[in-house]
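Reader: I would like to learn how to read a few features from coordinates. Please take them one at a time.

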There are 2 protein chains.
Amino acid sequence: MASKRELEELKRFCILLAEGSGTILREYFRSGVAVETKADRTPVTAADLKAEEYLRSAIMREYPGHGILGEEFGTVNEGARYRWVLDPIDGTKSFICGVPLFGTLIALLEEGVPLLGVIHHPVLGELLIGDNESCLLNGRAVRCRQCRDIGDAVLLTTDPRDVPVYQKEARFDELVRRVKVYRTWGDCYGYSLVAAGFADIMVDPVMSPWDSLALIPVIRGAGGIITDFGGDDPVRNSSSIIAASEGLHGTVLEILGGDSARDRS
Amino acid sequence: MASKRELEELKRFCILLAEGSGTILREYFRSGVAVETKADRTPVTAADLKAEEYLRSAIMREYPGHGILGEEFGTVNEGARYRWVLDPIDGTKSFICGVPLFGTLIALLEEGVPLLGVIHHPVLGELLIGDNESCLLNGRAVRCRQCRDIGDAVLLTTDPRDVPVYQKEARFDELVRRVKVYRTWGDCYGYSLVAAGFADIMVDPVMSPWDSLALIPVIRGAGGIITDFGGDDPVRNSSSIIAASEGLHGTVLEILGGDSARDRS
């Protein structure tokens with residue numbers, strides 16, 4: 001286990017990483033001279049590559065023995081005790097559309113378990129770092145809020161058109177019907193809002209570990225619960241995510257997980 | 001008609017107004033010590049009142065003969081040639097949830113016709129001002145983009161749960177099915193994204209003139225088209241809004257407006 005002092009050093013390093021990649025992403029954000037559909041992906045790819053190159057070289061310089069998993073440049077030091085998982089732009093469509101809710105995800109795993117997670121929204125100037133025990137937003141401790149009534153809850157997701165994917169027996173519609181507010185301020189910003197106590201539930205089908213590993217220490221650090229739709233630890237199975245405050249996660253799981261959650265008990 | 005010089009003076013004054021109310025709103029944004037559901041509306045109401053008070057007193061000081069229509073403090077100088085329509089916080093739920101996409105709407109009408117419109121996102125530092133002929137984003141001219149294929153379009157709306165209200169014969173579902181991206185980055189930020197060329201279509205049921213009058217000179221100034229679902233000028237009937245780039249508005253109207261649009265021709 002990393003000592004308390006090592007952990008603090010790693011946290012400081014995480015923040016430097018996020019700030020460095022944030023400077024790169026801000027340069028590319030809304031920089032397209034003409035915004036044409038056919039050119040849509042170019043600035044994103046360039047921004048993604050530049051930011052991931054920066055993150056990798058900074059990690060390799062500081063911690064040459066650590067492993068890295070990144071979306072663009074594959075894996076290094078696969079068997080290392082400490083491994084970094086990088087996603088420079090989570091929320092590509094948000095980035096392309098000039099919407100500043102996208103973010104950079106940085107996770108540090110120790111023996112496969114998420115030790116630290118960073119969600120950084122460089123255009124908004126919001127940086128969350130969690131270590132499963134605590135969560136800081138721009139250096140200030142934040143907690144999930146204590147909403148216990150689903151009728152008072154703010155529910156977020158990313159893409160309304162993904163809903164049919166996890167819409168078993170209209171259970172998602174049931175969830176939408178019961179909450180107070182429902183919006184698609186999604187991608188990683190949804191998790192930031194849950195961790196910072198501004199929203200109660202974030203639900204997502206997640207395609208790759210890049211999208212979920214950094215979220216875990218942030219949500220848990222803020223006192224929230226994060227599982228897949230079956231109630232399992234998302235480290236093992238990240239094909240879907242429910243992140244919610246303690247008082248609501250069980251209700252959400254019951255509505256969405258239904259039989260599969262009960263079957264396992 | 002306002003002379004070119006008067007218009008430029010009024011524009012400068014609009015920007016001062018927006019900056020002044022923005023300073024007030026930034027102080028209130030995310031300022032709740034504990035974010036409890038029962039206290040949700042309090043900071044919004046306080047922010048709304050403070051900002052509208054500021055806007056009204058600034059207008060009355062500079063243009064005592066002008067009329068004002070505001071959400072919180074009613075109407076003054078109803079018969080005036082120039083009338084201001086104020087909405088300090090469009091996107092109340094966004095404001096409450098700590099999401100910086102909310103905005104301030106300021107419209108100036110001349111004989112009931114929108115002459116100038118401002119959409120200001122004070123936390124994002126994005127200020128759009130339109131005069132039906134041109135549209136500036138932070139002082140730089142912007143235009144709607146030239147997307148002509150609905151399959152390449154980015155569609156925005158505000159609240160997915162409002163959809164049934166304007167979902168005649170599943171036409172909104174048809175629109176969602178045909179576009180490339182669909183999100184609820186809505187309220188006035190949706191119109192800002194269309195005007196600035198980052199999205200193509202914003203669709204909303206609109207409840208009051210506060211919500212639409214400022215949008216008209218902005219969208220038209222950026223070369224876009226703004227009507228209600230029947231294709232009519234939203235100055236007269238603002239119970240629904242379609243704002244879209246020139247190449248797509250007809251297609252959207254055809255999908256959504258259906259018979260009612262055809263009946264009138």
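Reader: Where does A:Asn132 lie?
Author: Secondary structure comes from DSSP runs, with helices (H or I, at least four residues) and strands (E, at least two) numbered from the N terminus. A:Asn132 sits in the loop of chain A between β6 (126-130) and β7 (135-137). Its phi is positive, about 75°, although A:Asn132 is not a glycine. This is a predicted model, in which local features need pLDDT of at least 70, side-chain atom pairs count only at pLDDT 80 or more, and totals for chains, interfaces and linings use all residues. Residues are numbered from 1 along each chain as its sequence is written, chains are lettered from A and ligands numbered from 1 in the order in which they are written, and side-chain values use heavy atoms, leaving out hydrogens and water.

Reader: Is A:Asn132 buried or exposed, or in between?
Author: Buried means under 20% relative accessible area, exposed over 50%, and partly exposed in between (1.4 Å probe, protein chains only). A:Asn132, with a relative accessible area of 26%, is partly exposed.

Reader: What is the phi of A:Arg30?
Author: Phi of A:Arg30 is near 55°, a positive value in a residue other than glycine. A:Arg30 is placed in the loop between α1 (4-28) and α2 (41-62) of chain A, and at 23% relative accessibility it counts as partly exposed.

Reader: How is the size of an interface read?
Author: The size of an interface is often given as the accessible area lost when the parts come together. Here buried area is the accessible area (1.4 Å probe) that two parts lose on being put together, summed over both. Between chain A and chain B it is about 3400 Å², and carbon and sulfur atoms give 57% of that. A:Arg30, A:Arg161 and A:Phe198 supply 21% of the area that chain A buries against chain B, more than any other three residues.

Reader: How many residues of chain A are in contact with chain B?
Author: Contact means heavy atoms within 4.5 Å. By that rule 36 residues of chain A are in contact with 35 residues of chain B.

Reader: How many salt bridges does the rule find across this interface?
Author: A salt bridge is a side-chain nitrogen of Lys or Arg within 4 Å of a carboxyl oxygen of Asp or Glu. The rule finds 4 salt bridges across the interface of chain A and chain B. In a salt bridge there, the side chains of B:Arg183 and A:Asp159 meet at 3.5 Å, N to O. On chain A, the elements that each supply at least two residues of the side touching chain B include α3 (92-96), α4 (171-178), β10 (181-183) and α5 (188-195).

Reader: Which residues of helix α4 of chain B are buried?
Author: In α4 (residues 171-178) of chain B, the buried residues are B:Arg171, B:Phe172, B:Leu175 and B:Val176. Seen down the axis of α4(B), these fall within an arc of 145° (taken over the directions from the helix axis to the C-beta atoms), so they line one face of the helix.

Reader: What does B:Ser21 touch?
Author: B:Ser21 belongs to helix α1 (residues 4-28) of chain B and is buried, with a relative accessible area of 0%. Not counting residues up to four places away in sequence, B:Ser21 touches B:Ala51, B:Tyr54, B:Leu55 and B:Thr104.
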